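The sequence and the model are shown first.

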Amino acid sequence: MEVNKVKEATQCVHSGGIIDDRTGGVVTPIHTSTAYDYLVEGPLKYPRYFNTPNQDVVGEKIRVLEDGEFGLVFSSGLSAITTVLLALLKSGDHAIFQGDIYGGTHHAITSELSKFGIEFSFTSGLEVDDFAKHIKKETKLIYIETPSNPLLKIVDLKGIAELCKANSIISVIDNTFASPINQKPIHFGIDVVTHSGTKYLGGHSDITCGAVVTSKPLGDKIYKAAVNYGGSLDPQTSYLLERSMKTLALRVKQQNENAQKVAEFLEQHTDVPAVYYPGLPSHPSYAIAKAQMTGFGGMLSFEVKGDQDAFVKKLELIKVAISLGSVESTVSSPLKTSHSKLSAAQRAEAGIKDNLLRLSVGIEDAEDLIADLDQALKN
Ligand SMILES: *Cc1c(COP(=O)(O)O)cnc(C)c1O
């Protein structure tokens, strides 16, 4: 049976894995060697060449799940993203970035790209036209992130892919929030998919890694740059990532289901002024989300009345923490974390109220999560 042909939950468990021929052990052994026999047939193996056995296994697993031709894992999400940008852009090129992307990516772009003579623009909105109006003849790349952080806004994947194809521009997406279980951007014509594997792929708040999936030709370019920039993942973490990804479909399905229930609970609560979740019919891009996502994800945000610190301190199960995508539910404040460096006016323009909280819904029982939110909203 070909692992590409089986269903997604089966791919999570089986794709990429290596059976140990000597023992028949069912789990991939951890290959810790950094030195490999150069007389063995095939390309020379070395960890920074991203081609040792445990790196291959997870590269293949994410490739299969995103349904691309080439997959590579990195030592962090940012390493994956910066390697892609520096591999595909050169001095004199121009790139267009979605305005409200992940803060770390935003910082990397604004502080590093001009050193290489690469020009960039940020969009003010998320409509296809908001990207189109920045295109000039030097534009080589458009970069999106959907659902977006922290308001879970949706970008039209097909619309962006068509815009890019019509203008010979490479399209790149950060698919961290959706995970390949909920969204496969390559199916909509997007060229390059990146991930912070620190979030859903790892899924247990205990490893840092990243990934890229794309076509063979773009993969070749990215691979060459990756070897030079050196952001490869070590074998132990590669193994932990493989172990985590075996339950990816299972976890994400539970997170989708829980987030939907929590969002519906919050939406009807009189002390919650607003809820942002693409799975609510009241979400302005519900129709697009439904067309391009097979699940609406585990991320949502909502506004509370009164002091947000007092509210989060009352939560008993849900942990107060940055980061996301793990088995445990966590809540964080954009005002105090990801968006703290923006001015009040910039936050207001982005629609991020001071009382906004972002919730990463875990795999606990939804009833317990709702009870926790309910008691914290009460007193
Ligand atoms: C966390 C995150 C990143 C950065 O990933 P690291 O693993 O922290 O380097 C990039 N994009 C998104 C959407 C993220 O949430």
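Lysine 158 is partly exposed, its relative accessible area being 47%. In this predicted model, the side chain of lysine 158 forms a salt bridge with that of glutamate 162, with an N to O distance of 3.7 Å. Glutamate 162 is likewise classed as partly exposed, at 47% relative accessibility. Both residues belong to helix α6 (residues 157–166), and because they are 4 residues apart there, about one helical turn separates them.

**Salt bridges**

The structure contains 16 salt bridges. Three of them are set out below, including the pair just described.

| Salt bridge | N to O distance |
|---|---|
| Aspartate 130 – lysine 133 | 3.6 Å |
| Lysine 158 – glutamate 162 | 3.7 Å |
| Glutamate 303 – lysine 353 | 3.9 Å |

The salt bridge between glutamate 303 and lysine 353 has an N to O distance of 3.9 Å. This pair links distant parts of the chain, its members being 50 residues apart: glutamate 303 is in strand β9 (residues 299–303), and lysine 353 is in the loop between α13 (344–350) and β12 (356–360). Glutamate 303 is buried, because its relative accessibility of 4% falls under 20%. Lysine 353, with a relative accessible area of 47%, is partly exposed. Elsewhere, salt bridges with shared partners join Lys90, Asp93 and Lys140 into one network.

The side chains of aspartate 130 and lysine 133 meet at 3.6 Å, N to O.

**Aromatic pairs**

Across the whole structure there are 8 aromatic pairs. One of these involves phenylalanine 97 and phenylalanine 122, whose ring centres are 5.8 Å apart; the pair is tilted because the ring planes lie at 40°. Phenylalanine 97 is in strand β2 (residues 94–97) and phenylalanine 122 in strand β3 (residues 119–122), so the contact ties together parts of the chain that are 25 residues apart in sequence.

Phenylalanine 97 is buried, with 0% relative accessibility, whereas phenylalanine 122 is partly exposed, with a relative accessible area of 23%. Both phenylalanines belong to a cluster in which ring pairs link Phe97, Phe120, Phe122 and Tyr143.

Terms used:
Residues numbered from 1 in each chain as written. Predicted model: local features only at pLDDT ≥ 70, side-chain atom pairs only at ≥ 80, totals over all residues. Heavy atoms only, no water. Salt bridge = Lys/Arg side-chain N within 4 Å of Asp/Glu carboxyl O. Helix = DSSP H or I, 4+ residues; strand = E, 2+ residues; numbered from the N terminus. Buried < 20%, exposed > 50% of the residue type's maximum accessible area, 1.4 Å probe, protein only. Phe/Tyr/Trp six-rings, centres within 6.5 Å; stacked < 30°, edge-to-face > 60°.
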